[in-house]
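Here is a short tour of one protein chain, from its overall build down to a single site. Keep the sequence and the 3D view side by side as you read.

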Amino acid sequence: MAGEEKDGIDLDHHYFMGLALAEAQRAFSRGEVPVGAVLVAQSGVVLARGHNRPVSSCDPTAHAEIVVLRRAATLLRNYRLPGTILYVTLEPCAMCLGAAMHARVDAVVFGAADPKAGAAGGVVDLTNIGAFPHSIRAVRGVREDECARLVSRFFRERRSLKR
């Protein structure tokens with residue numbers, strides 16, 4: 001796989017973000033905010049995929065990242081997920097970033113920034129606070145335009161339906 005030496009993660013970010021984008025498209029088609037996520041071991045093995053499901057599951061915590069972390073933890077029979085990288089199409093919120101840190105995920109790679117709820121630099125940056133027992137590396141802007149366009153299209157279409 002093509003490495004990303006500059007951030008110390010040797011995985012093909014473009015490829016894995018494409019998998020997350022496919023999940024985001026599934027959310028879009030189901031009427032959910034189009035956010036997709038993929039959790040990958042540093043070996044390149046995809047451990048879990050998922051997309052936003054809070055509306056369909058009546059669960060405010062069913063963000064794509066949480067769905068993926070739960071699936072991977074169940075698969076590995078361990079709530080700790082060290083040596084993993086979380087790919088997500090939209091900058092994680094505080095809940096999702098906190099869950100990834102508690103799971104000991106090594107890095108989060110995201111596409112579009114979220115200036116309203118992002119916790120990896122959008123509204124606040126929780127990725128490297130010394131008081132927390134674990135920090136998480138953040139790689140920003142991978143396939144950013146594609147990720148941002150999908151979210152923008154979703155909300156544009158929702159607004160037009162309300163008119």
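Let us begin with the overall build. The chain holds five helices and five strands, and this is a predicted model. Read from the N terminus, the order of the elements is α-β-β-α-α-β-α-β-β-α.

How does the radius of gyration of the chain relate to that of a compact globule? For 163 residues, a compact globule would come out near 15 Å, and the chain has 15 Å, so the two agree. The C-alpha trace spans about 45 × 30 × 30 Å along its principal axes. Of the 163 residues, 46% are buried. Taking contacts between residues at least 6 apart in sequence, 57% join residues at least 24 apart. The chain exposes about 8,300 Å², and carbon and sulfur atoms supply 54% of that area.

**The annotated span**

An unreviewed UniProt entry carries the annotation "domain: CMP/dCMP-type deaminase" for residues 11-124. That span is 38% helix and 22% strand, and its end C-alpha atoms lie 26 Å apart.

Helix 3 covers residues 64-76, and its 13 residues should span 18 Å at 1.5 Å a residue; the end C-alpha atoms are 18 Å apart, which agrees. Its buried residues are A64, E65, I66, V67, V68, L69, A72 and A73. What lies over them? The cover for the buried residues of helix 3 includes strand 1 (36-41), strand 2 (46-51), strand 3 and helix 4. Just after this helix, R77 takes a positive phi of about 55°.

R104 follows helix 4 and has a positive phi, near 65°.

**The annotated site**

Which residues does UniProt list under "binding site"? The unreviewed entry places this feature at H63, C93 and C96. These residues span 34 residues in sequence, yet no two of their C-alpha atoms are more than 9.3 Å apart, so they gather at one spot. H63, C93 and C96 also belong to the lining of the largest pocket.

C93 is found in the loop between strand 3 (84-90) and helix 4 (94-102), while C96 is found in helix 4 itself. Are they buried or exposed? With the cut-off for buried at under 20% relative accessible area, C93 is buried because its value is 17%. C96, at 1%, counts as buried too.

| Residue | Relative accessible area | Contacts |
|---|---|---|
| C93 | 17% | H63, A117 and A119 |
| C96 | 1% | H63, E65 and I66 |

Terms used. Residues numbered from 1 in each chain as written. Predicted model: local features only at pLDDT ≥ 70, side-chain atom pairs only at ≥ 80, totals over all residues. Heavy atoms only, no water. UniProt positions renumbered as here; feature names shortened; annotations may be inferred. 1 Å grid on protein atoms, 1.4 Å probe; cavity = no way out; pocket = protein on both sides within 12 Å on 5 of 7 lines; lining within 4 Å. Helix = DSSP H or I, 4+ residues; strand = E, 2+ residues; numbered from the N terminus. Buried < 20%, exposed > 50% of the residue type's maximum accessible area, 1.4 Å probe, protein only. Contact = heavy atoms within 4.5 Å. Rg over C-alpha atoms; globule rule 2.2 N^0.38 Å. Areas by Shrake-Rupley, 256 points an atom, 1.4 Å probe, with all protein chains shown as cover. Expected span 1.5 Å × (residues − 1). Lists of a residue's contacts leave out its neighbours within four places in sequence.
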